[in-house]
Amino acid sequence: MNKIEAAQLADLALGSVFLATGGGGDPHIPQLIAEQAIEKYGPVTVIQPQDVADDALVVSIGGVGAPTVSLELLPSIDETSRTLSAFEAHIGRQVDAVASFEIGGGNSLIPLVAAVGKGIPVIDGDGMGRALPEAQMMSYAIAGIKPTPAVACDYAGNQCAFTTSSTEVYERHIRSFAMAAGGMITAAEHPMSGAELKRSIIPGTLSFSIELGRTLRENRGQVGQLLEPLKQVFEKSIYGECRLIYQGKVIDKATRIVGGYDIGEATIQNFDGQGENLNLSIKNEYLLARVGEAVVASVPDLIVIVDYETGTPINAERLRYGHRVAVFAIGCPDFYRSEEALRVVAPRCFGFDLDYIPLEQL
Amino acid sequence: MRIGIDVGGTHTDAVVLNGDDIIASTKALTSADVVSGITDALDTLLHDAGISSEQVQTVMIGTTQFTNAIVERRELSTLAAIRIGLPSGEGIPPMVAWPRDIVEAINGKTYMLHGGFLYNGWPVAELQTAEIDAMIKDLQANNIENVAISAAFSPMNAAHEVSVAEKVKAAIPHARISLSHSFGRLGLMERENATIMNTALLPFAERVVDSFLKALKNRALNCPVYISQNDGTLMSSEFVRTYPALTFASGPTNSLRGAYKLTGLEDAIVVDIGGTTSDIGVLQSGFPRESNVVVNIGGVRTNFRMPDIMAIGLGGGSIVKDEGRTIGPQSVGHRLVQEGLIFGGDTLTTTDILVAGGGANIGDPRLVADLPEQTVSNAQACMATMLDRGIEMMKPGGQGMPVILVGGGSILVPGDLPAASQVYRPENAGVANAIGAAIAQIGGEAEQMVSYRETPREDAIRLVTQAANKRAIDAGADRATIRAVDIEETAIPYMDEGATRVRVKVIGELGSRAGA
């Protein structure tokens with residue numbers, strides 16, 4: 001694939017909600033803005049990471065803030081390309097390609113808008129391969145890429161440039177700017193060379209998300225008929241194994257906001273009320289699944305909840321009591337199983353007192 | 001005495017209630033002009049009940065007219081859709097994601113203006129007088145009289161919507177205007193969509209309400225008239241002239257509310273068995289459990305709440321195969337009376353199974369006398385299993401729950417169901433929709449995004465409740481009887497701690513104020 005057309009965006013959005021593992025926000029509005037951008041500027045050129053010149057300049061771009069706010073404070077078509085221009089002016093160099101922070105949710109689509117607006121390609125890949133709650137969990141950060149120099153713009157074109165000592169400080173500062181600017185901003189950050197990109201990106205996730213979305217759409221319906229096609233599409237990807245770990249209805253869900261994150265638990269019971277319940281731990285995303293005491297899947301592997309009737313992924317904000325669901329677990333890309341990655345994304349990093357055991361060994 | 005009427009696509013059902021007692025009920029065909037179908041139903045009803053029109057204090061109507069107009073792209077008026085939110089949202093104008101055919105049917109104009117608010121109360125931008133004046137000139141030049149106005153965060157601060165509406169009204173005095181904050185919920189695109197659909201229906205709403213009132217007047221019914229909304233509450237007929245979109249999907253709600261009325265069970269599973277499907281819903285405190293998924297009406301995303309319904313392919317016309325081991329989802333539907341075995345046709349249906357098993361005496365039972373006993377018992381077991389599994393999936397917890405069977409097909413399941421603590425088969429289950437329409441409560445709903453750091457929780461809930469109360473009173477509720485039935489607080493991720501969406505729903509008894 002080397003072009004993305006407007007007609008593929010619905011599949012991309014659907015695939016991205018699946019990969020968001022419960023977080024990431026609703027991609028509906030990012031999809032609309034991307035459709036309009038492609039209509040205005042033409043299809044998106046996609047480039048594989050290995051085809052990027054080692055000395056090229058790549059920057060990751062996306063929305064930062066509260067997805068709930070952008071339900072009212074809508075993005076505009078030139079906001080991302082304006083941000084990119086501001087970034088170029090700040091560092092005094094042209095950007096050759098853009099990449100996504102995270103493929104899970106609306107930020108899978110925002111780089112496409114920037115790319116067509118500026119007439120540059122978008123990289124087939126992202127910095128997470130899923131959705132994760134914190135910036136230091138991005139593959140770029142794990143591979144040692146600094147988040148700054150970075151530039152962020154709000155809806156009205158107000159700008160802020162960042163040079164910070166660490167990813168954690170950057171995260172804190174950019175979130176305060178987002179809050180002050182009405183809850184949602186666009187940021188161009190993690191500038192990197194082509195050589196750095198190749199060792200830090202989770203490759204192929206943009207085209208994979210489109211393929212995943214198509215699989216979900218073509219097999220829409222009860223989970224039983226979705227499982228086989230889903231297994232096949234994951235098996236030949238960087239993810240690998242896909243398992244159906246539970247089916248039932250949500251009998252309890254309680255989350256609360258702590259430090260800006262939606263933290264809590266959900267309990268799912270078998271349809272017939274027999275056997276042990278599935279307990280899910282949530283921090284924006286679904287992070288840990290246990291049946292009784294036994295762990296059946298944990299972060300950084302993917303845990304995904306879909307509507308039992310249609311196979312449509314359900315994010316954690318919308319999951320509620322009475323929902324009839326199926327729960328899938330999928331192996332994460334190898335990058336996230338390295339020692340460096342597990343130092344920031346293992347279950348202990350989320351406060352769970354247990355070691356990470358890859359899905360295939362559970 | 002009250003009359004409940006359900007004007008469906010094919011049938012017009014009506015009931016007379018005296019308090020909670022059903023005095024009479026009837027089913028007539030819906031006529032093309034609506035009026036004669038209603039007058040026919042009223043004639044039968046008043047005759048059967050043996051009452052005069054003066055004895056009727058209120059009439060409640062449930063109708064699918066407005067939903068059908070949207071779905072079928074007819075009776076829609078041209079309009080202007082104005083969004084106040086620039087510089088945000090530039091490039092995604094109103095109706096951008098709508099299906100082509102409905103955009104063409106409406107053939108409206110869109111305008112985007114600077115203004116609107118942020119979550120924290122700061123303006124997105126100030127209103128610009130010159131921009132508004134130019135837009136109004138354009139409205140006048142194009143003879144546009146129906147106007148939908150939406151603004152960013154208007155459920156929290158409607159000032160910009162109201163201000164632009166006042167200017168439009170001053171320049172075009174007979175303009176019909178819908179403001180998006182009247183449609184509550186946060187989510188600008190969905191709220192705007194609801195507002196635009198509502199505006200497109202305004203002239204049709206005048207005609208529909210007029211024809212309802214005419215039909216009633218023909219039979220000397222001069223009492224107040226109310227129309228049911230999607231959440232199972234009522235609005236006055238005058239209110240519907242302004243808010244026709246609030247009637248969307250009131251059908252399934254009325255069926256659930258009717259089941260509640262027929263049994264008095266506040267918490268139960270309701271199974272409405274029709275010709276092709278069984279629709280399974282849940283009653284919580286006497287109201288339908290709401291679905292949490294985004295609702296499309298005629299292909300347009302909206303923010304309306306709809307009952308959580310699961311449809312399974314089991315109805316009175318479902319086709320039986322494999323010696324009774326497979327039922328549906330194919331159905332002969334309304335052709336049952338030609339194609340079913342007991343009616344001389346050659347398709348084995350669930351109704352034939354019922355008759356062969358001695359469960360009912362319909363058609364000619366001799367035509368199914370030769371059915372193998374094994375087929376009949378297989379099919380009976382299969383139907384019970386299908387329903388049981390569906391009920392099990394909809395039940396909120398693992399424990400037993402009462403199940404109410406309504407709809408024409410409810411006779412299909414004669415025995416007990418393991419998933420049910422008890423099965424109820426109320427009399428008059430066939431006209432549950434009309435009974436549901438005849439309930440006597442008025443609702444109101446409001447939602448805002450608040451910071452509990454700045455506004456203490458109790459104050460915030462009180463403010464939102466006041467807004468909901470005002471909506472209920474405007475819709476015809478008696479102020480003294482209003483109570484909050486649902487308070488939903490959703491914390492917002494990635495924001496200040498304490499940032500919360502608060503939604504309050506209130507219900508009150510029907511006021512004495514005349515509705516017609």
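Begin by selecting N230(B), D231(B), T253(B), P288(B), E290(B), R305(B), M306(B), P307(B) and K505(B), which line the second largest cavity. The model is predicted, with pLDDT of at least 70 required for local features and 80 or more for side-chain atom pairs, while totals for chains, interfaces and linings use all residues. Residues are numbered from 1 along each chain as its sequence is written, chains are lettered from A and ligands numbered from 1 in the order written, and side-chain values use heavy atoms, without hydrogens and water.

On a 1 Å grid over the protein atoms alone, a cavity is a set of points where a 1.4 Å probe fits but cannot get out; a pocket is an open set with protein on both sides within 12 Å along at least five of seven lines; lining residues have an atom within 4 Å of a point.

Next, select K27(B), D272(B), G274(B), G275(B) and G408(B), which lie nearest the centre of the second largest pocket, lined by 43 residues. This pocket has a volume of about 1,200 Å³.

Then display α8(B), a helix (a DSSP run of H or I, at least four residues). With four residues, α8(B) gives the most to the lining of the second largest pocket. Among the buried residues are T253(B), R257(B) and L262(B).

Finally, select G264(B), which follows α8(B) and has a positive phi, near 75 degrees.

Technical notes. Points joined across faces, edges and corners; volume = space filled by probe spheres on them. Helix = DSSP H or I, 4+ residues; strand = E, 2+ residues; numbered from the N terminus. Buried < 20%, exposed > 50% of the residue type's maximum accessible area, 1.4 Å probe, protein only.
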